[in-house]
Amino acid sequence: MKGDFRMKRSDINRIMADAAEMIARYGFILPPFANWTPEEFKARKDEARHVIDSRCGWDITDYGGGRYDEMGLFLFTLRNGRLSDLTAGRGMCYAEKLLISREKQLSPMHTHVIKAEDIINRGGATLVVELFGSDGDGKFSETAGGRVMCDGLWRNYAPGERLSLSPGASVTLRPGDWHAFWGEGGNVLIGEVSTVNDDETDNIFREPIGRFATIEEDEPPHRLLVSDYATWLA
């Protein structure tokens with residue numbers, strides 16, 4: 001349940017540093033704006049308007065629960081298009097992210113109204129993805145299964161079925177595929193390739209939880225989060 005919990009900025013700074021090290025270890029290089037300080041972001045906010053408006057960049061959440069190690073997720077949005085392009089059916093209709101799911105760190109059950117996504121194990125331990133289908137109104141159903149694509153091959157899933165994705169394996173999820181995931185046996189670097197992503201409106205959680213963390217400013221930010229843009233870059 002969503003509560004009045006806060007993540008400390010010092011913990012967010014540490015999580016960023018750990019994530020950057022893991023990303024580099026698996027051979028991924030983040031775009032230049034990933035290394036901008038808050039002051040540089042302020043100075044370049046006009047030329048970085050697409051980055052800001054499409055909410056590309058660092059993203060760390062505890063889903064408002066205050067238990068990041070148990071329920072949370074690290075994300076970095078590398079690129080993201082516009083919903084207007086997706087509606088028109090042309091232009092920048094895609095998005096790409098890197099995520100890190102720690103061992104037994106739950107990303108809770110949710111689905112999307114618009115977004116279809118490939119979830120790819122890019123390296124590390126096993127990624128477990130738990131699946132449920134939807135009822136006739138698109139709501140979570142404990143008794144509904146569905147159909148997903150794994151590495152280009154269609155497969156049916158039973159309600160509550162868990163897929164174990166080793167490095168290199170992937171699953172394609174469409175609106176109505178309810179899913180939760182976590183690392184098993186260690187931390188996992190995850191790739192997400194999707195249609196345009198809108199984290200403010202297109203995440204439908206089974207439980208009433210928050211998508212973004214509330215922050216306690218116990219030290220200055222090392223890098224801005226996407227959720228900082230509205231206040232720091234206003």
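Predicted model: local features only at pLDDT ≥ 70, side-chain atom pairs only at ≥ 80, totals over all residues.
Reader: Good. And F76, buried or exposed?

Author: F76 is buried too, with a relative accessible area of 0%.

Reader: Both are aromatic, so let me ask about rings. How many aromatic pairs turn up in the whole structure?

Author: A search of the whole structure gives eight of them. One of the pairs is F33 with F76, whose ring centres are 5.8 Å apart.

Reader: Why does that one count as stacked?

Author: The planes of F33 and F76 meet at 25°, and planes under 30 degrees apart count as stacked, so the pair gets that label.

Reader: Nice. Where do those two sit in the chain?

Author: F33 is in the loop between α1 (9-25) and α2 (38-43), while F76 belongs to strand β3 (residues 73-80).

Reader: What kind of pair do W58 and F74 make?

Author: An edge-to-face one, with 5.9 Å from centre to centre and 65° between the planes. W58 comes from strand β2 (residues 57-61) and F74 from strand β3, so the pair ties together parts 16 residues apart in sequence.

Reader: Are W58 and F74 buried or exposed?

Author: Buried, both of them. Together with F33 and F76, they form one aromatic cluster.

Reader: β3 keeps coming up. How many of its residues are buried?

Author: Seven of its eight residues are, which leaves β3 mostly covered.

Reader: In what sense does β3 pair with β2, parallel or antiparallel?

Author: Antiparallel, over five bridges. T61, for instance, stands opposite L73 in β3.

Reader: What about β3 and β4, parallel or antiparallel?

Author: Antiparallel again, this time over six bridges, with β4 covering residues 94-101. There, R79 stands opposite E96 in β4.

Reader: Change of topic. I'm curious about E130: which strand is it in?

Author: E130 lies in strand β6 (residues 117-132). Its relative accessible area is 16%, so E130 is buried.

Reader: Which residues does E130 touch, leaving out those up to four places away in sequence?

Author: The list is M109, G160, E161, R162, W178, H179, A180 and W182.

Reader: Okay, zooming out. How many helices and strands are in the protein chain?

Author: Five helices and 13 strands.

Reader: And what is the radius of gyration of the chain?

Author: The protein chain has 17 Å, and a compact globule with 234 residues would be near 17 Å, so the value agrees with that rule. The C-alpha atoms fill a box of roughly 50 × 40 × 35 Å along the principal axes.

Reader: What share of the residues counts as buried?

Author: That's 50% of the 234 residues.

Reader: What about contacts between residues 24 or more positions apart?

Author: They account for 76% of the contacts in the protein chain with a separation of 6 or more.

Methods: Residues numbered from 1 in each chain as written. Heavy atoms only, no water. Phe/Tyr/Trp six-rings, centres within 6.5 Å; stacked < 30°, edge-to-face > 60°. Helix = DSSP H or I, 4+ residues; strand = E, 2+ residues; numbered from the N terminus. Buried < 20%, exposed > 50% of the residue type's maximum accessible area, 1.4 Å probe, protein only. Rg over C-alpha atoms; globule rule 2.2 N^0.38 Å. Contact = heavy atoms within 4.5 Å. Pairing = 2+ DSSP bridges.
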